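Subject: Structure handover

Hello,

Here is the structure I promised to pass on. Please open it first, then read my notes below.

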Amino acid sequence: MKKLVVANFKMNLTSSEIKKYVMALAPKFKSDKVDLSLALPFVSLESGKFLLSGSDISLTAQNISEEECGSLTGEVSGAMLKDIGVQRVIVGHSERRTRFKETGKSINKKIKIALKNRLQVVLCVGESLIDKNSMKSQAAITAQVDEALKGLYENELENIIIAYEPVWAIGTGKTASVKEIEEGIKVVRKAIETAFSKKAATEVRVLYGGSITAKNISQVVGVAGLDGVLVGGSCLDVATLIYIISVCEAGAKK
Ligand code: PEP
């Protein structure tokens, strides 16, 4: 299976800057080893889709409303995202859990709405520094997986990708070690096995995210059982993202 690279722009770059970025990236990307998806800000998704037409690069949204439609000023629905050609959506990112107080219940609703609108989900889970220091990482990750996927049918997991993102590693410059990533992936798969089945646990795709850079990507991509990466800050430089993709391609050959 191809490795998935999701580039999360967060709230960075204007649409004009993204236009330049995409025009530099798209002609250079063609791969039978890596799937690339750009998680652009909402306002750049439609123009991004236009600029990416004819390329193999897909689009990911960074958020979705937990409601179908209606009087919800400022929200963006699953139907709106699907309509402009978005393929998947990030749900449960730690910045949304902490800064915007998103709960497990709301994350669960967002996932169900995304699936209903035929959008794939990149579900982010990971322990905080407090969880880590108090040896509660396993419990925290398991609880996040359980809450997020409550009420889903096993066959719906083919449209769920789980990103293990230790909160202490996001945007901090502190990448998890190979051992820590392996352990996090193992906990994610165990939670899926308990909630669904061994088959589901083996098949679910798991990514790692947290301060990935050109320097550490070769170490990360070698982690056993890893299906790809979620790259934040480092994706803002086209050359760095291209380099990260090239290392993932080499890793995918193994
Ligand atoms: C992220 O936003 O999911 C992320 C992993 O960010 P960074 O790479 O900047 O740590």
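First, a term: helices (H or I, at least four residues) and strands (E, at least two) are DSSP runs, numbered from the N terminus. This is a predicted model, where local features need pLDDT of at least 70, side-chain atom pairs count only at pLDDT 80 or more, and totals for chains, interfaces and linings use all residues. Residues are numbered from 1 along each chain as its sequence is written, and side-chain values use heavy atoms, with hydrogens and water left out.

**The largest pocket**

A pocket is an open set of points on a 1 Å grid over the protein atoms alone, where a 1.4 Å probe fits, with protein on both sides within 12 Å along at least five of seven lines. Lining residues have an atom within 4 Å of a point. Volume is the space filled by probe spheres set on the points, with grid points joined across faces, edges and corners.

The largest pocket has about 480 Å³. Its lining has 15 residues; Lys10, Met11, Gln62, Arg96 and Phe100 lie nearest the centre. Two or more lining residues come from each of α2 (42-51) and α4 (94-99). The largest share, 3 residues, belongs to α4. By type, the lining has 7 nonpolar, 4 polar and 4 charged residues. (Ala, Val, Leu, Ile, Met, Phe, Trp, Tyr, Cys and Pro count as nonpolar, Asp, Glu, Lys and Arg as charged, and the others, Gly among them, as polar.)

**The second largest pocket**

This pocket holds about 240 Å³. It is lined by 13 residues, with Glu127, Ser137, Gln138, Tyr164 and Glu183 closest to its centre. Here α7 (137-149) and α8 (178-195) each give two or more residues. The largest share, 4 residues, is from α8. The lining splits into 5 nonpolar, 3 polar and 5 charged residues.

**The ligand**

Around the ligand are 13 residues (a heavy atom within 4 Å). Lys10, Glu165, Gly171, Ser211 and Gly233 come nearest. The shell has 3 nonpolar, 8 polar and 2 charged residues.

Which ligand atom lies 2.9 Å from a polar side-chain atom of histidine 93? It is an oxygen atom. A side-chain N or O atom of glutamate 165 is 2.7 Å from a ligand oxygen. For serine 211, a backbone N or O atom lies 2.8 Å from an oxygen atom of the ligand. Taken alone, the ligand exposes 300 Å², and the protein buries 96% of that (Shrake-Rupley method, 1.4 Å probe).

Best wishes

Key. Polar contact = N/O pair within 3.5 Å; in protein donor to acceptor, adjacent residues only side chain to side chain.
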